[in-house]
Amino acid sequence: MIRGLLFDLDGVIVDTAKYHFVAWQRMAAALNIHFGHEENEQLKGISRVESLERILTWGGLTLAQEEKQHWMDQKNAWYLECIAQMGPEEILPGVAHFLAEARAQGLSIALGSASKNAVPILERIGLLDAFDAIVDGTVVTASKPNPEVFLEGARRLGLRPEECCVFEDAEAGVEAALAGGMRCIAVGQPDVLGRAHRVIQSFDQIPNPTEAVNSL
Ligand code: BG6
Ligand code: MG
């Protein structure tokens, strides 16, 4: 029986991948590194520091620790500029209804995100109160596909991993859920996310949370 839901943030609740793209591309351009949509795809679910490492590797660039910190701070400043205007209208289709319904049905709800900007984003879109626990990039150290973020989410809900279902849009996130021994519903393309127990395109497809997570 599933009693808890663990939500990734970026790409599941809001489409912030487009803002991460703008910010990383600005940095890559300044460093003369090619960064396109294909590269951005590979950074979904990946922590800020690991994302930077990957971009530098793709560009064949080696930087000192202080320079890396400088570029991470700069990228985040550009990202914050992008998300400053966000509001509830950016919540992805069906998500607000799904969260409200899940709570009404007595399911526990946690966030399991790699982002250090999760709380300000949830505040801006008015969904902070929808979560019983928040596990984000300020809490965990291991990047997905390590299951740490979801295991900690389950622990904070007082549930065992097998009592939880994860919602993810990233391949690394699906792998993290499976490695943690959880069920997983992926949001996106079946050819990329096919290892999940079910792949949906939108939460509009699953209006009844209890039914959706217990029929996997
Ligand atoms: C994940 C995103 O949710 O958070 C990644 O999918 C991002 O693209 C990561 O790098 C860290 O985010 P932030 O906001 O701490 O830079
Ligand atoms: Mg995501």
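User: Which atoms of Asn117 come within 2.7 Å of ligand 1, side chain or backbone?

Analyst: Side chain. This is a predicted model, and in it an N or O atom of the Asn117 side chain sits 2.7 Å from an oxygen atom of ligand 1.

User: And what does Lys116 use to reach an oxygen atom of ligand 1?

Analyst: Lys116 uses its backbone: an N or O atom there is 2.6 Å from a ligand 1 oxygen. Leu43 also brings in a polar backbone atom, 3.2 Å from an oxygen atom of ligand 1.

User: How much of ligand 1 does the protein bury?

Analyst: The protein buries 96% of the 390 Å² that ligand 1 exposes when taken alone.

User: Nice. How many residues surround ligand 1, and which are the closest?

Analyst: There are 16 residues around ligand 1. The closest are Asp10, Ile46, Ser115, Lys116 and Asn117.

User: What classes of residue make up the lining of the largest cavity?

Analyst: The lining has 10 polar, 8 charged and 6 nonpolar residues. Domain 1 (4-15 + 88-213) and domain 2 (17-83) each contribute at least three residues to the lining of this cavity.

User: Now the pockets. What volume does the largest pocket have?

Analyst: The largest pocket holds about 510 Å³ of space. Its lining is made of 23 residues, with Glu41, Lys44, Asp169, Val187 and Gly188 nearest the centre. At least two lining residues come from each of α8 (171-179) and α9 (190-193).

User: And how many nonpolar residues are in the lining of the largest pocket?

Analyst: There are 12 nonpolar residues, alongside 6 polar and 5 charged ones. At least three residues of the lining come from each of domain 1 (4-15 + 88-213) and domain 2 (17-83).

User: What about the second largest pocket, which residues lie nearest its centre?

Analyst: Ser47, Arg48, Val49, Lys116 and Gly137 lie nearest the centre, out of 16 lining residues. α3 and α4 are the elements that give two or more residues to this lining. The volume of the second largest pocket is about 260 Å³.

User: How is that lining split by class?

Analyst: The lining of the second largest pocket has 6 nonpolar, 5 polar and 5 charged residues. Here, too, domain 1 (4-15 + 88-213) and domain 2 (17-83) each give at least three residues.

User: Last topic, the backbone. Is the peptide bond from Lys144 to Pro145 cis or trans?

Analyst: The bond from Lys144 to Pro145 is cis, and its omega is near 20 degrees. Pro145 belongs to the loop between β3 (133-135) and α7 (148-157).

User: And the phi of Asn32, positive or negative?

Analyst: Positive: phi of Asn32 is near 60 degrees, in a residue other than glycine.

User: Where is Asn32 placed?

Analyst: You'll find Asn32 in the loop that runs between α1 and α2 (37-41).

Definitions and conventions
Residues are numbered from 1 along each chain as its sequence is written. Chains are lettered from A and ligands numbered from 1 in the order in which they are written. This is a predicted model: local features need pLDDT of at least 70, side-chain atom pairs count only at pLDDT 80 or more; totals for chains, interfaces and linings use all residues. Side-chain values use heavy atoms; hydrogens and water are left out. Ala, Val, Leu, Ile, Met, Phe, Trp, Tyr, Cys and Pro count as nonpolar, Asp, Glu, Lys and Arg as charged, and the others, Gly among them, as polar. Domain bounds come from an automatic or database domain assignment. A residue is near a molecule or strand if one of its heavy atoms lies within 4 Å of it. A polar contact is a pair of N or O atoms within 3.5 Å; within protein, one must be able to donate a hydrogen and the other to accept it, and residues adjacent in sequence count only if both atoms are side-chain atoms. Accessible areas come from the Shrake-Rupley method with a 1.4 Å probe; for residues, only the protein chains shown count as cover. On a 1 Å grid over the protein atoms alone, a cavity is a set of points where a 1.4 Å probe fits but cannot get out, and a pocket is an open set with protein on both sides within 12 Å along at least five of seven lines; lining residues have an atom within 4 Å of a point. Grid points are joined across faces, edges and corners, and a volume is the space filled by probe spheres set on the points. Helices (H or I, at least four residues) and strands (E, at least two) are DSSP runs, numbered from the N terminus.
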